[in-house]
Amino acid sequence: MAKGFFVTGTDTSVGKTTVSCALLRAFAAQGYRVAGMKPIAAGRENGQWQDVELLLAASNVNVTRKQINPYALEAPISPHLAAQQEDITIDLSLVNDCYRQLSMQADIVIVEGAGGFLVPLNDSQTGEDLAKILGLPVILVVGMRLGCLNHALLTTGAISAARLSLVGWIANCIQSPMVAVTENIATLEQRLQAPLLGILRFGEQTDGFIAMPKVLVR
Ligand SMILES: Nc1ncnc2c1ncn2[C@@H]1O[C@H](COP(=O)(O)OP(=O)(O)O)[C@@H](O)[C@H]1O
Ligand SMILES: [Mg+2]
């Protein structure tokens with residue numbers, strides 16, 4: 001069975017896919033068999049779901065799009081609404097089945113959530129339920145921009161209320177320059193219980209992540 005991680009973010013477009021791919025590449029460079037998963041993707045662009053393509057490209061085991069992405073929804077809106085428009089109800093047990101299959105093929109599976117941690121997925125469940133059903137430790141991507149301190153504290157509060165393990169957080173510098181970025185990172189280091197696993201600088205792909213596998217897989 002693979003070791004898995006659930007990657008969530010302080011918001012949508014904060015770098016969950018970027019960080020997930022960087023992690024997959026870093027693990028692959030260390031010789032691990034890796035698979036990325038985007039169980040629920042909403043928003044087709046040019047005939048494809050970009051996150052799915054990027055995660056597939058960063059994976060090094062033979063997996064199908066259907067396996068890594070059981071729910072590919074057309075509209076670029078919250079998954080529960082996109083699913084409603086297609087008369088689909090997102091069933092997390094199907095996602096879990098796909099995850100179990102993947103975890104037999106890979107050493108490491110990185111599962112990218114949709115949107116932020118509490119994004120609704122159907123009438124009653126959210127991203128929190130997805131992480132719980134998969135039973136995975138969480139990695140939080142903090143998109144470094146004004147407002148991220150509040151979002152990071154709210155999200156880590158929700159992760160801990162869900163009794164999920166937060167293995168660490170990543171500071172993703174999505175703006176260049178962000179005013180007082182160093183001070184913002186230091187503020188989060190002081191206030192978050194989990195360790196800062198790495199800083200992805202603006203425009204950086206993987207380099208800062210090369211040491212990451214050692215920290216996460218002990
Ligand atoms: N460290 C970074 N430097 C520059 N651009 C970034 C960085 N991280 C993410 N981006 C860009 O920001 C956008 C959103 O990132 P993405 O990884 O797709 O976020 P999410 O998966 O959370 O929606 C993408 O266009 C991506 O290329
Ligand atoms: Mg994404």
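1. Is strand β5 (residues 108–112) largely enclosed by the rest of the structure or exposed? It is largely enclosed, because 5 of its 5 residues are buried. A residue is buried if 20 or more other C-beta atoms lie within 10 Å of its own, exposed if 12 or fewer, and partly exposed in between, with C-beta atoms placed from the backbone. Strands (E, at least two residues) and helices (H or I, at least four) are DSSP runs, numbered from the N terminus. Both faces of β5 are covered. I108, I110 and E112 lie on one side, V109 and V111 on the other.

2. A word on the source. This is a predicted model: local features need pLDDT of at least 70, side-chain atom pairs count only at pLDDT 80 or more, and totals for chains, interfaces and linings use all residues. Residues are numbered from 1 along each chain as its sequence is written, while chains are lettered from A and ligands numbered from 1 in the order in which they are written.

3. Overall form. The protein has 9 helices and 8 strands. Its C-alpha trace spans about 45 × 35 × 35 Å along the principal axes. Of the 218 residues, 44% count as buried.

4. Contacts along the chain. Two residues are in contact if their C-beta atoms, placed from the backbone, lie within 7 Å. Take the contacts between residues at least 6 apart in sequence: 76% of them join residues at least 24 apart.

5. Partners of β5. Strand β1 (residues 3–9) runs parallel to β5 and is joined to it by 5 bridges. Strand β2 (residues 34–37) also runs parallel to β5, with 4 bridges. Two strands pair if DSSP finds at least two bridges between them. I110 in β5 is the bridge partner of F5 and of G36. I108 in β5 stands opposite V34. In β2, V34 and G36 point one way and A35 and M37 the other, and all are buried.

6. The core. The largest nonpolar core holds 66 residues, and V109, V111 and V142 touch the most other members. The largest share of this core, 7 residues, comes from helix α1 (residues 16–29). Such a core is a set of buried Ala, Val, Leu, Ile, Met, Phe, Trp, Tyr and Cys residues joined through C-beta atoms within 7 Å. In soluble globular proteins, nonpolar side chains tend to be buried together. Setting aside neighbours within four places in sequence, V109 contacts A2, G4, A35, M37, Y99, L102 and S103.

7. Ligand 1. There are 15 residues around ligand 1, and S13, G15, K16, T17 and T18 come nearest. A residue counts as near if its C-beta atom, placed from the backbone, lies within 6 Å of the molecule. Helix α1 gives the largest share of this shell, 3 residues. By class, the shell has 5 nonpolar, 8 polar and 2 charged residues. Ala, Val, Leu, Ile, Met, Phe, Trp, Tyr, Cys and Pro count as nonpolar, Asp, Glu, Lys and Arg as charged, and the others, Gly among them, as polar.

8. Helix α9 (residues 212–216). M212 is found in this helix. M212 is buried, because 21 other C-beta atoms lie within 10 Å. Beyond its neighbours within four places in sequence, M212 contacts L23, A26, L197 and G198. M212 and S78 are 134 residues apart in sequence, and 31 Å apart in space, C-alpha to C-alpha.

9. Backbone details to check. The peptide bond from S176 to P177 is cis, with omega near -5 degrees. P177 sits in the loop between β7 (166–172) and α8 (181–191). N46, in the loop between β3 (40–42) and α2 (50–58), has phi near 50 degrees, a positive value in a residue other than glycine. N46 counts as exposed, with 5 C-beta neighbours inside 10 Å. R163 has a positive phi too, near 60 degrees. R163 lies in the loop between α7 (148–161) and β7. R163 counts as exposed, with 7 C-beta neighbours inside 10 Å.
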